[in-house]
Amino acid sequence: MKRNLVAAALILALPFTAYGMDRKDADLAMAEAGASIHAAESADAAQYAPTDLNTAHDMFASAQSEYDHRNWTDAAFTADNSKADANLAAARSREHRELG
């Protein structure tokens, strides 16, 4: 019961943390996304997971646009999505190389 209450409190608090993002948060998210894209490219994701890598690049471009317009929260969330797609591309690329 207590565990459910804690989980519910954390879920309800998430929207409030989004409003607290500033330029530093966006900077960090952008740097992490860029590093993840670079790692995916180094893992030959362009060859083995091109769709995921292209999605990561597109999301990163969107994040950069949001950043340029000083939309720090949107930039950070979009950069996080880019990072996730890049990590997926890298994982699929590694899996393909190991199996193939």
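The legends below describe close-up views of a predicted model of one protein chain.

**View 1**
The chain has 100 residues, of which 27% count as buried. Its accessible surface comes to about 6700 Å², and carbon and sulfur atoms account for 56% of that surface. When contacts with a separation of 6 or more are considered, 75% of them are made by residues 24 or more positions apart.

**View 2. Helix α5 and what covers it.**
Helix α5 takes in residues 72-99, which makes 28 residues, and it reaches 40 Å from its first C-alpha to its last, close to the 40 Å expected at 1.5 Å a residue. Several residues of α5 are buried, among them Trp-72, Ala-75, Ala-76, Thr-78, Ala-79, Ser-82 and Asp-85; further along the helix, the buried residues include Ala-86, Ala-89, Ala-90 and Ser-93. The cover over these buried residues includes helix α2 (23-42), helix α3 (45-48) and helix α4 (50-68).

**View 3. The aromatic pair of Tyr-67 and Trp-72.**
The structure holds one aromatic pair. The ring centres of Tyr-67 and Trp-72 are 5.1 Å apart and the ring planes stand at 65°, so the pair is edge-to-face; the reasoning rests on a cut-off, since planes over 60 degrees apart count as edge-to-face. Tyr-67 counts as buried, with a relative accessibility of 16%, and Trp-72 likewise counts as buried, with a relative accessibility of 18%.

**View 4. The salt bridge between Lys-83 and Glu-32.**
The count of salt bridges comes to two, and this view shows the one that Lys-83 forms with Glu-32, in which the closest N and O atoms are 3.3 Å apart. Because Lys-83 lies in helix α5 and Glu-32 in helix α2, the pair ties together parts that are 51 residues apart in sequence. Lys-83 is partly exposed, with a relative accessible area of 26%, and Glu-32 is also partly exposed, at 31%.

**View 5. The salt bridge between Asp-52 and Arg-92.**
Here the side chains of Asp-52 and Arg-92 meet in a salt bridge, with a distance of 2.7 Å from N to O. This pair, too, links distant parts of the chain, since Asp-52 belongs to helix α4 and Arg-92 to helix α5, and the two are 40 residues apart. Asp-52 is buried, with a relative accessible area of 12%, whereas Arg-92 counts as partly exposed at 42% relative accessibility.

**View 6. The surroundings of Ala-33.**
Ala-33 is found in helix α2, and at 0% relative accessibility this residue counts as buried. Which residues are in contact with Ala-33, leaving aside its neighbours within four places in sequence? They are Phe-60, Ala-79, Ser-82 and Lys-83. Of these, Ala-79 and Ser-82 are named among the buried residues of α5, while Lys-83 is the residue that forms a salt bridge with Glu-32. A further distance can be followed from Ala-33 to Ala-76: the two residues are 43 residues apart in sequence, and their C-alpha atoms are 9.5 Å apart in space.

Terms used: Residues numbered from 1 in each chain as written. Predicted model: local features only at pLDDT ≥ 70, side-chain atom pairs only at ≥ 80, totals over all residues. Heavy atoms only, no water. Helix = DSSP H or I, 4+ residues; strand = E, 2+ residues; numbered from the N terminus. Expected span 1.5 Å × (residues − 1). Buried < 20%, exposed > 50% of the residue type's maximum accessible area, 1.4 Å probe, protein only. Contact = heavy atoms within 4.5 Å. Areas by Shrake-Rupley, 256 points an atom, 1.4 Å probe, with all protein chains shown as cover. Phe/Tyr/Trp six-rings, centres within 6.5 Å; stacked < 30°, edge-to-face > 60°. Salt bridge = Lys/Arg side-chain N within 4 Å of Asp/Glu carboxyl O.
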